[in-house]
Amino acid sequence: MRENVFVSDYARLVNREIRLPKKVRIFDTTLRDGDQTPGVSFTPDQKILIARQLDRLGVDVIEAGTPVSSEGERRAVTAIAKSGLKAEICALARPVKEDIDTAIGCGVDCIHVFISTSDIHLKHALKMSREQVMKQAVKFVEYVKGHGVKVEFSAMDATRTELGFLREIYKAVVEAGADRINVPDTIGAITPRGMFYLISQLKPHIKVPISVHCHDDLGLAVANSLAAVEAGAEQVQVTVNGLGERAGNASLEEVVMALKTLYGVKVRVRTKLLTETSDLVERLTGIYVSPNKAIVGDNAFAHVSGIHAHGVIEFPGTYEPFSPELVGHHRRLALGKLTGRHSVEKQLRSIGVRPNKRQLLEITRRVKALGDKGKQVTDADLRVIAESVIGALPKEEKVVELKEVTVTTGSTITPTASVRLSIRGEDRVSSATGVGPVDSAIAAIRAAMGEISKLRLKKYHLDAITGGSDALAEVTVELEDDRGNIYIAKGVREDVVLASVEAMVNGINRYFAGRK
Ligand code: KIV
Ligand code: ZN
């Protein structure tokens, strides 16, 4: 991971003063705490898809859900537990017989047993005494262990629990057989120094690995998770894109990249799959990742200022802590009023235009002028500007042309599409099925393109640009080639399937134009 990593030496310097664990386990709770995100409710099929992706990503534990809460949850957790994934599959349960029996019935490897321990929760939520909580926790940890299943025990609201009682309950559950203890900062109400102190106070008394679970109510979930690791925590509970109850949990991608690049700690995650995992979760939840989100946001490796763009063109380490390829992302030079001629030149080359020095300066001036008017300058805008400065540009050759598309769909048949494309003048016909008409049409195009282009559909966005049932549909697709280059294209039609197909074909032509 040191290769293509350009982080501060001061971080490494102070890391020598602490006893970091050699390896940190990643416990992913996207399918459990992430499923508690307002507006999110995963179906069993979506959970299975995400679990497979998390397994490819290499997380150590997948918390698949809370089986007792619904029939769908029970089915999803069972299916994930039986799908032969490498990760440990875990289910959440209260220390209550029905919860635990249902979780055991799903065939999971581990049960995450939790109960509140703070006085504020005991008084207002559980209405139980500390003694009752302790007794119930121990009883059900023993019960789970009696069934040969691993236990991770959480003292809910641990960061607001009196230290003496917190130590006692953790020691008691470990004595009862708990394999790991988890320290939840349930309402995100601690500072990194407070978390460091708390874990340091627990560590000498706890003989099993310590995990931490931080919420982001004050925007400190990642910092608090890292502080816990600095104090000796060997596991971090995280979610993809930082999903979770209220403001969410510590984000998997941020914690993993900080651990690897800033601390040099071993984490099993294959970081190259971080962006595609984030994209999948974004698509399935409809919870959009903000463009300026660290690691996986669209702008995470986009450079606007001319000074920055020139720097990264010369040497990426000047303005990037690590290269985007490490996380499966890509670098982008955004054009606008702050753009310098180096970015303009690079962008023009990518669309096959090579201006002379005088032309380049004039194009740059016009790009800045457009930026001053508040406009984002797209490739299409750049082409128009370049054309008016240089004169007619070589025509964008259409390698692929759509000749025909037919889609059959209905409530009782699998949507099927067939397409006829002309590729460099040669006809190709292909058909495919999909989960809907758009999906099947896109699959048919990909099948027709076959080995010619290994493009991945990274993003698909549909807008209705006029009102009513005959509204114009504007589809924007983002395609990515195997080198991480992105091709954005649009299609506008009255029919959403045709608009999608047109956007795909335009994107594929863009890809071929960029390769010349
Ligand atoms: O935030 C929390 O305390 C939880 C527990 C179930 C671990 O999600
Ligand atoms: Zn939580």
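## Ligand 1 and its polar contacts

An oxygen atom of ligand 1 has a polar side-chain atom of H215 at 3.0 Å. Another residue, D33, places a polar side-chain atom 3.1 Å from an oxygen atom of the ligand, and an N or O atom in the side chain of R32 is 3.0 Å from an oxygen atom of ligand 1. A polar contact here is a pair of N or O atoms within 3.5 Å. Taken alone, ligand 1 exposes 260 Å², and the protein buries 95% of that; such areas come from the Shrake-Rupley method with a 1.4 Å probe.

This is a predicted model, in which local features need pLDDT of at least 70, side-chain atom pairs count only at pLDDT 80 or more, and totals for chains, interfaces and linings use all residues. Residues are numbered from 1 along each chain as its sequence is written, chains are lettered from A and ligands numbered from 1 in the order in which they are written, and side-chain values use heavy atoms, with hydrogens and water left out.

## The shell around the ligand

The residues around ligand 1 are R32, D33, H112, F114, S154, M156, P184, T186, H213 and H215, where a residue counts if one of its heavy atoms lies within 4 Å. Strands β4 (110-116) and β5 (150-156) each supply at least two residues of this shell; strands are DSSP runs of E with at least two residues, and helices are runs of H or I with at least four.

By class, the shell has 3 nonpolar, 5 polar and 2 charged residues. Ala, Val, Leu, Ile, Met, Phe, Trp, Tyr, Cys and Pro count as nonpolar, Asp, Glu, Lys and Arg as charged, and the others, Gly among them, as polar.

## Helices α13 and α15

Two packed helices are described by the angle between their axes and the distance between the axes. The axes of α13 (residues 341-350) and α15 (residues 379-390) come within 11 Å and cross at roughly 95 degrees. The two helices are therefore roughly perpendicular to each other, a term for angles of 65 to 115 degrees.

V344, Q347 and L348 of α13 make the contact with D379, L382 and A386 of α15, contact meaning heavy atoms within 4.5 Å.

Note on methods: Axes are lines fitted to C-alpha atoms, for helices over the stretch in contact, and angles run from 0 to 180 degrees between N-to-C directions. Angles under 35 degrees count as roughly parallel, over 145 as roughly antiparallel, 65 to 115 as roughly perpendicular and the rest as oblique. A polar contact is a pair of N or O atoms within 3.5 Å; within protein, one must be able to donate a hydrogen and the other to accept it, and residues adjacent in sequence count only if both atoms are side-chain atoms.
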